[in-house]
Amino acid sequence: FYLLLLCKNEKGREEIKMKLESVVVSAAINFGLAIFILSLFALLKKQPFYAPIYYARRFYLGHRNVPDSDHRSFSFRRLLPEIDWIFRAVRVTEEEILQNCGLDVLVFVRLFKFGIRFFLVCSIVGLLVLLPLNYTGSNGPNTSSHSMDAFTISNISRGSDRLWVHFSFLCFVSCYGMYLLYKEYNDIFIKRIQQICNRRCEPEQFTILVREIPFCNEHNIRGCNVDHFFSKHHPYSYQSFEILYDGKHLDKLLAKSLTKKIEDLRHLSALKKHSRYDAKIEQLEDMLQTLGREIRRVQCRMTIEQKELPVAFVTFSSRWGTVLAAQSQQHTNPLLWITEMAPEPRDVIWQNLAIQYRHLPLYRIVILVAASLLTIFFVLPVTAVQGIAKYERLKKWFPPAMAVDLIPGLRSIVTGYLPSAILNGFIYIVPFAMIGLARLAGYISRSKKDLNACNMVFYFLVGNVFFLSLLSGSLLDQLGESFSHPKDIPNRLASAVSSQADFFVTYILTNGLAGFSLEILQPGLLLWDTLKFYTWDRGKKKHPYVYSLPYYRIVPFVALCMLIGIVYAVVSPLLLPFLVGYFLLGYAVFINQIEDVYITTYETCGLYWPYIHHYIIVAIILMQVTMIGLFGLKAKPSASFSVIPLMVITILFNEYCKIRFLPTFNQVSVQDAKNNDDLDKKDRLEEENVRKALDAYSPPCLRPLDLGLEGTSSTKPFLSPT
């Protein structure tokens with residue numbers, strides 16, 4: 001209604017109605033789907049049958065205060081959807097998130113809060129100042145062929161002094177963004193130091209990972225060489241070491257459906273009163289006992305044959321000694337005795353430690369080439385999507401498409417909702433492909449693997465979804481007319497970015513409303529759980545579906561939407577309110593998921609924020625580069641040159657943040673390590689913490705075997721008592 005009121009005549013109003021029809025249809029479809037999906041979620045969440053899906057985290061942690069879990073009998077209240085999860089999401093505090101889930105999850109939540117604060121302020125200024133200015137900026141009648149061009153910078157006349165208002169808004173957006181970034185970086189920087197102090201008992205603070213260990217000249221093994229080397233060069237803090245072994249053969253044994261056999265034994269033991277199961281139970285017991293003896297034999301043979309790897313975890317008696325050893329060069333040859341801080345024991349990818357350190361660059365190059373090929377492969381579907389969005393061009397290429405005009409309203413669905421829905425469907429598989437590639441890159445921890453996958457997914461989305469959609473949708477379809485009318489090239493190039501604003505509005509609506517709604521509903525798990533319950537798991541006890549927060553799948557998509565919003569903040573301020581709604585819905589959805597569904601499988605103490613900071617800086621610089629071109633094409637070179645100092649300030653700000661904050665995220669200072677050691681002495685926790693670290697990094701192939709059968713050392717038998 002606000003847009004229509006800006007139109008001065010009836011013809012203009014009718015034109016706006018026609019041009020905005022596709023966007024309105026897309027918004028209506030996405031809003032309808034979101035309301036339906038969220039209502040279905042609110043209904044299913046109250047059913048005890050689906051508690052293992054929607055309360056997986058609470059079940060996993062042993063919490064029994066699951067809402068409505070005690071109402072097993074039917075009641076009409078269970079058929080009424082409720083929105084308590086939204087109010088609970090609003091009430092949760094950052095301190096609760098930090099205490100229950102860790103700093104990584106809090107950083108993830110702060111990303112949504114950053115988006116809400118940033119785009120809310122920019123929306124208010126943009127809608128009140130730039131939007132009326134853009135619509136009234138044309139000297140003649142508006143002949144734009146794009147639905148939102150009348151409200152973008154492309155509607156401003158060439159050489160108009162109104163462009164200085166856009167320059168002022170550009171400065172405001174850039175400076176406000178940098179202010180929020182600095183504030184967030186500084187706050188998370190402080191929380192990281194405090195989080196490391198609060199986690200003083202964790203074994204990774206006393207342990208380093210050593211790679212490329214040479215053989216001992218005297219005994220021709222690596223184990224004793226580790227002890228000799230660190231006893232000599234770190235005599236005051238060295239405590240012990242854990243050499244790693246090649247356990248491939250043992251891993252194959254452990255992979256022989258051991259867990260499945262034990263679960264079958266559990267299930268059958270519960271039915272032991274039926275004599276027809278006795279023989280099956282005895283058979284499974286014999287199989288498990290035989291497998292256990294084989295595993296123990298391999299463990300002993302492994303020790304005898306000394307299948308050592310050039311890798312070891314070395315434990316120190318103080319954090320001060322650990323930090324000095326991890327962050328210094330140990331040998332004249334930098335390819336020997338390579339040290340780094342050890343990841344958390346639960347974060348270690350043990351099989352990747354067997355990869356030789358010198359081969360890792362080759363692994364990374366292969367993965368980079370594979371990711372590039374995947375990016376190139378997706379050029380075809382993205383281009384095809386833009387062909388659907390540009391209906392007039394589609395009719396020229398594919399005449400049968402004109403049949404769409406025969407059904408009223410279908411054209412708006414095809415050109416408005418369908419392209420963004422297809423694009424989201426295609427790129428949904430990208431994060432899973434990238435995390436698969438990251439697994440092959442040889443990273444020693446899940447956190448590093450996820451961070452690498454985050455980067456690959458983000459740049460894939462920027463290249464394919466943003467740049468390719470921009471080029472294929474705004475420039476390629478105008479090249480013919482540009483060559484026939486050379487004088488119109490500047491105007492056509494100036495409208496290249498703004499002409500795709502309607503497509504990105506529909507993309508954000510689909511990715512936000514439908515995407516976040518499907519995230520909270522988890523339809524894939526619902527179908528899988530139903531299939532299991534009525535087929536091979538019939539009669540068995542249901543277990544919670546426990547997963548960690550998929551940073552690699554969520555952070556890049558959120559960062560892409562933030563990039564789109566920042567780039568279009570000055571070009572098309574009409575896009576900004578959609579971003580506010582996007583981040584509000586995302587915040588509510590993921591607070592619910594963090595509280596009830598996802599568990600924490602590792603803690604990097606906020607290491608995700610430098611990556612998020614980088615993504616936002618890229619968006620701000622990309623916005624400034626875009627405005628330099630647009631001001632030049634609008635015959636305002638003075639405004640273009642004025643943007644250059646602003647870009648220099650942004651780059652210098654980013655470099656300052658790298659110097660001021662980034663080293664603390666990549667390393668641990670000696671001062672912090674010494675302060676934490678002093679706190680341990682004060683609390684008399686030194687010996688206890690070191691003892692925990694000594695036992696934490698035993699490789700899986702050397703851990704005691706626990707089959708849960710009689711005669712073993714199991715404290716919790718797998719067989720239920722009869």
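1. Let's start with a term: a residue is buried under 20% relative accessible area, exposed over 50%, and partly exposed in between (1.4 Å probe, protein chains only). Asp-187, at 26% relative accessibility, therefore counts as partly exposed. Gln-99 is exposed, because its relative accessible area is 69%.

2. A quick word on what you're looking at: this is a predicted model, where local features need pLDDT of at least 70, side-chain atom pairs count only at pLDDT 80 or more, and totals for chains, interfaces and linings use all residues. Residues are numbered from 1 along each chain as its sequence is written, and side-chain values use heavy atoms, with hydrogens and water left out.

3. Now the salt bridges (a side-chain nitrogen of Lys or Arg within 4 Å of a carboxyl oxygen of Asp or Glu). A search of the whole structure finds 20 of them. One joins Asp-187 to Arg-110, with the closest N and O atoms 2.6 Å apart. Asp-187 sits in helix α9 (residues 163–198) and Arg-110 in helix α8 (residues 103–135), 77 residues apart. Helices here are DSSP runs (H or I, at least four residues), as are strands (E, at least two), numbered from the N terminus. Arg-110 is buried, with a relative accessible area of 5%.

4. Have a look at Arg-58 and Asp-596 too: their closest N and O atoms are 2.8 Å apart in a salt bridge. Arg-58 is in helix α5 (residues 56–60) and Asp-596 in helix α26, so the pair ties together parts that are 538 residues apart in sequence. Both ends are buried: Arg-58 has a relative accessible area of 11%, and Asp-596 is at 0%.

5. Then there's Asp-683, which meets Arg-200 in a salt bridge (3.0 Å, N to O). Asp-683 lies in helix α30 (residues 670–683) and Arg-200 in the loop between α9 and β1 (207–211), so this pair ties together parts 483 residues apart in sequence. Here Asp-683 is partly exposed at 41% relative accessibility, while Arg-200 is buried at 14%.

6. Glu-603 is worth a click. You'll find it in the loop between α26 and α27 (608–633). Glu-603 is buried yet has no salt bridge, and the nearest side chain of opposite charge, Arg-199, is 5.4 Å away. For that count, Lys and Arg are positive and Asp and Glu negative, with His and the chain ends not counted. A polar atom of the Glu-603 side chain does lie 3.0 Å from the backbone nitrogen of Leu-103.

Notes:
Polar contact = N/O pair within 3.5 Å; in protein donor to acceptor, adjacent residues only side chain to side chain.
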